Amino acid sequence: PGMGPGPELPFLPGCAIKDPTKTSFHRSQTLDFKNGYAFSRLPREGVGGDALFANQLSQDELDDLCTKGTTLTYGVVKRSAPSGFTPAFVAYDKKVLKFDAYFQEEVAISPEEHYRIRQVGIYYYLEDDTMCVIEPKVKNSGLVQGKLMRRHRVPKNEQGDYYHWKDLNLGIDLIMYGRTYRLVNCDSFTKVFLESQGIEVNPPEEMVSDPYTEQRQAPVQKPIVPAGPDPFRQFLTYDTKVLRFYAIWDDTNCAFGDHHPCVIHYFLADDTVEVREVHRRNDGRDPFPVLMRRQRLPKVFGDKNKNFPSCVLEITDHEVQEWYSPKDFAIGKSITLLGRTFLIYDCDKFTQDFYREKYGITDFQPVDVNKKPTEKTPQVIPPYNGFGIPEDSLQNCLSLFPKPPRKDIIKMLENNLKILRYQVALESPVPEDKNRRFILSYFLSDDTIGIYEPPVRNSGIPGGKYLKRTKVTKPGSTPENPIYYEPSDFTIGSTIEVFGHRFVITDADEYVLNYLERNAESYPATTLQSIRDHFRPRQVVVETASSGFPRKDLDDLIVEVQKELKLHHEPFNTRKFHEAFHHFDTEGSGFLDKTRFLNVCDRFHVPTSTILLKKLIDYCSCGEDKVNYRDFL
């Protein structure tokens, strides 16, 4: 049978039977934390792990039972609105109580102070009842200052209580971790808050100062110097006063010797001398700071005993007859210090004032010790060996690690992607090379030339790159003074020699004409005129087509004239034919008298009496007595 109440007995005291075998009577946990907050929850099992009866009521019904009030005759009582609740961490966010305090710290290892007063600030954070202690940092105090106690809840006693803002007030001693803090003052917010909570704030006290700090801040009394003679008068008078001389140590007599710049310091306080060597960057010497340590240097020795080991024992006044003094140093004077001879060539301003007041010396003209510049031996450039361009090969003679030749960056940026293209033919006695055509590209950015041969199908010659982009020298130029091809050298019909191969310019790109016309002041007029004369027939065709003359008829007329010239005339020099017209055109207008034009044609045996040539001459005529010879050409 079950030990609990049966279905026929109510669950009341005296109706339940106690189980004698039960030994565990622990209760289940009902307190827990979630997201940092404490809350209570319903037990999951009964005492000793017994199962609990399931609650038959819903949560809404339980809430109604908890909030249900008394019912009056006139109706149900209206529920009052719940009061607003603000958590403490929201109400007191960023609200801090600040107290000025101090504590006394014992000093057991100093004969000048037995204790010190350290002023601190105590901060109490209302949002979570934590406290921290911060001491303002004092420069060169020698103490570990700053945050002396981190922010946390400070225990008040051994019973587990913590300090609360109700325990804080002015004029009280606050003990935290065995250290007693005296609260002397607070800020206005702290005072207003404590008074608003019904706490009577005590009057503020005066902050106690550290006696040793006040003693250090007090002015130091100067000692009274006795009127009688003082053996330390020289030291007290000339302390920290040093004569500075600039000298040169000539060590060229030794192997690998050199001129060493040095600075000689003469200490007036004890008549000692120090020599320091001036090091320069990359001088090849070890950077020892001191050449001669500070010491008294003997000038004249007394009668030495032969058995006196001077290399071991120190030299005293008994062995030295005279020591070096300030009167032994002067500008332009050579002085020997421990076997080294120094030439003094200058001094600083303090040294000049010292000698002017004590010895009456006024001449402080520095000595010129600068080395005379050695004559540079002219560098002989070896002859050009033929590998690469001369500028590139020259870099191997100028430095051990050659660098690429310097380029004109401004010229490269201004003429970037500007290329002059010409069609050239190869002059060669080989019959197969007569019909070969090449594209010569002149790059204005760096004055280089590249030659490309368009591939011709079934020609037996593979096309492609004929000459890599490089600078090309003119015939007759020397490797010492190379002269390179320029755009002014490329005219129609001119011959270009490229590394032993001769090319004749037969055509040019229209961009060449446009570029030369835009920069006509930079190139000769003959070069521009040659390109213009070459493009004149094309412009005539364009003008004719625009004027209404049928282009096909003009092309047929030109073809018929060329055929007739081949039948009635032998090949003649076209260049001389052009030069004859330019010679008679003194004004450069492009027009000649019809009579003079016919005389020039007769001189070169051009059959002007034929019908086709008369028709072409009439087309190029301007009026009855003028002929545009450029259109005719």
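Two strands count as paired if DSSP finds at least two bridges between them. Strands and helices here are DSSP runs, numbered from the N terminus: helices are H or I with at least four residues, strands are E with at least two. With that in hand, look at Phe245, whose bridge partner in strand 12 is Ile264.

A word on what you are viewing: this is a predicted model, in which local features need pLDDT of at least 70 and side-chain atom pairs count only at pLDDT 80 or more, while totals for chains, interfaces and linings use all residues. Residues are numbered from 1 along each chain as its sequence is written, and side-chain values use heavy atoms, leaving out hydrogens and water.

Strand 11 and strand 12 (residues 259-267) run antiparallel and are joined by nine bridges. They belong to an open sheet of six strands, in the order 14-13-12-11-18-17, with antiparallel pairing. Strand 14 (292-295) and strand 17 (334-337) are at the edges with a single partner strand each, so one side of each has no neighbour in the sheet.

Next, find helix 6 (residues 349-358), where Thr351, Gln352, Phe354 and Tyr355 are buried; buried means under 20% relative accessible area, exposed over 50%, and partly exposed in between, using a 1.4 Å probe and protein chains only. Seen down the helix axis, these buried residues fall within an arc of 160°, so they line one face of helix 6. The arc is that of the directions from the axis to the C-beta atoms. On the other side, Lys349 and Glu357 are exposed.
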